[in-house]
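Open the model in your viewer and keep the selection panel at hand. The stops below say what to select next and what is there.

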Amino acid sequence: MRQVTVTEHLLTHQSMSASATGRFTSLLNELILSAKIISRSVNKAGLLDVLGGTGEVNVQGEQVQKLDEFANSILIHRMKRAGVLCAMASEENADLIPVPEKFQRGSYMLVFDPLDGSSNIDVNINVGTIFSILKRKDNSDKEVSLSEILQAGVEQVAAGYFLYGPSTMMVYTTGRGVNGFTLDPSVGEFLLSHPNMRIPEDGKIYSVNEGNQMYWDTPTKEIMETFRSKQNKLGKPYSLRYVGSLVADFHRTLLYGGIFLYPMDHKDPNKPSGKLRLMCEASPLSMVAEQAGGLGSDGSGRILDIKPDMLHQRVPLIIGSKNDVQFCIDHYKKAS
Ligand code: AHM
Ligand code: MG
């Protein structure tokens, strides 16, 4: 069977678009190269001096892992030079990352989580890179302002992730379905392995950090109780799977169906909130979910409709099979 590389797939896809300029392909190609470099280091993590923390705490108040820092610097270094971006934002950086004037600039903006799930890296569990691609609304030469990147997820031009697991995979969408590619390390190419991915409409798996139960509100507790009892559509408990790496938990949900939840909690009693970040985690994965026939919600509406007020805004995230997510939305509505 003839195998299609991600570049071939991109070019075929792009030639179908009247506004194609090749710039988007350049962007994705540079992103793919960055991911290959990150993948190489993740695969050898136990052999290189890259395990453990740097001793620093990032803008999210979390320990920075050495591989977090490595992945972040690779992405910033390469993507600045791609010639197609005007700004970036990373989960690891407090502020917008402008593309300096000395580099060629374009109108795309890239938001990313360089190494999602990195607290798992020392125990050799899957991690990933999540990306969201936006476009600047006006074509001015002025420096990009923060408000220009604070766009709702519905405005994303493309979104997806790289999963560094037993195989390295790239899953992405440009708004015309979702395709998955697997890195063949012997040829160094991502090959189309999962064309036109679809999330089953119903699932049998729920995925949540059950250890947070005491911090949930009543409707959230009731939702989880439904999944783990006979009160659900299966008439028996759902299976529980929780890796603690969003990309890995999402990827399983995309393939097998079911639901992933990181609901709002009251860990900080003065400030109930979700944990996951809207712009670099929830929005890109919700675009993938919707394009695969699933849903991404904060419990009341579509994640993709939320316009961020801040770069590092956090949201509750309920994502996966359409009917499972809808059940949660309906339950929250009934309870309100
Ligand atoms: P991060 O590794 O980019 O900081 O992401 C946060 C991670 C997600 O990958 C995962 O879904 C979640 O945090 C797990 O959180 P918890 O340990 O609270 O269950
Ligand atoms: Mg993350």
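Select residues 259-262 and 317-320: these are strands S13 and S17, which run antiparallel and are joined by four bridges. Strands here, like helices, are DSSP runs numbered from the N terminus, with at least two residues (E) for a strand and at least four (H or I) for a helix. Two strands pair if DSSP finds at least two bridges between them. Within this pair, Tyr262 has Leu317 in S17 as its bridge partner. Helix H7 packs on the sheet and touches S15 and S17, and its direction makes about 150° with that of S15. For that angle, axes are lines fitted to C-alpha atoms, for helices over the stretch in contact, and angles run from 0 to 180 degrees between N-to-C directions. Contact means that the C-beta atoms of two residues, placed from the backbone, lie within 7 Å.

This is a predicted model: local features need pLDDT of at least 70, side-chain atom pairs count only at pLDDT 80 or more, and totals for chains, interfaces and linings use all residues. Residues are numbered from 1 along each chain as its sequence is written, while chains are lettered from A and ligands numbered from 1 in the order in which they are written.

Now widen the selection to the whole sheet. Its five strands follow the order S12-S11-S13-S17-S15, in an open sheet with mixed pairing. The edges are held by S12 (239-240) and S15 (295-297); each has a single partner strand, so one side of each is left without a neighbour in the sheet.

For the next stop, select residues 199-330. UniProt, in an unreviewed entry, lists this span as "domain: Fructose-1-6-bisphosphatase class 1 C-terminal". UniProt positions are given in the numbering used here, feature names are shortened, and annotations may be inferred rather than shown by experiment.

Which residues carry the UniProt feature "binding site"? The unreviewed entry places it at Asp113, Asp116 and Glu281. They span 169 residues in sequence, yet no two of their C-alpha atoms are more than 8.6 Å apart, so they gather at one spot.

Take the three one at a time. Asp113 is found in strand S5 and is buried, with 28 other C-beta atoms within 10 Å. A residue is buried if 20 or more other C-beta atoms lie within 10 Å of its own, exposed if 12 or fewer, and partly exposed in between, with C-beta atoms placed from the backbone. Not counting residues up to four places away in sequence, Asp113 touches Glu91, Thr129, Ile130, Cys280 and Glu281.

Asp116 is also found in strand S5. Asp116 counts as buried, with 30 C-beta neighbours inside 10 Å. Beyond four places in sequence, its contacts include Val127, Gly128, Ser245, Leu246 and Glu281.

Glu281 lies in helix H7 (residues 278-291) and counts as buried, with 28 C-beta neighbours inside 10 Å. Leaving out residues up to four places away in sequence, Glu281 touches Asp113, Asp116, Ile130, Leu246 and Leu276.

Select ligand 1 next. It is surrounded by 13 residues, and the closest are Asp116, Gly117, Asn209, Gly244 and Leu246. A residue is near a molecule if its C-beta atom, placed from the backbone, lies within 6 Å of it. The shell divides into two nonpolar, six polar and five charged residues. Here Ala, Val, Leu, Ile, Met, Phe, Trp, Tyr, Cys and Pro count as nonpolar, Asp, Glu, Lys and Arg as charged, and the others, Gly among them, as polar.

From S5 (residues 108-116), move to S3 (residues 85-90): the two run parallel and are joined by five bridges. In S3, six of its six residues are buried. Met88 has Leu110 as its bridge partner in S5 and Ile97 as its bridge partner in S4. S3 and S4 (residues 97-98) pair in the antiparallel sense over two bridges, and form a hairpin with six residues between them.

Finish at S9 (residues 178-184), where six of the seven residues are buried. S9 runs antiparallel to S8 (residues 168-173), with five bridges, and Tyr172 stands opposite Asn179 in S9. Their hairpin has four residues between the strands, and Gly175 in the turn has a positive phi of about 95°.
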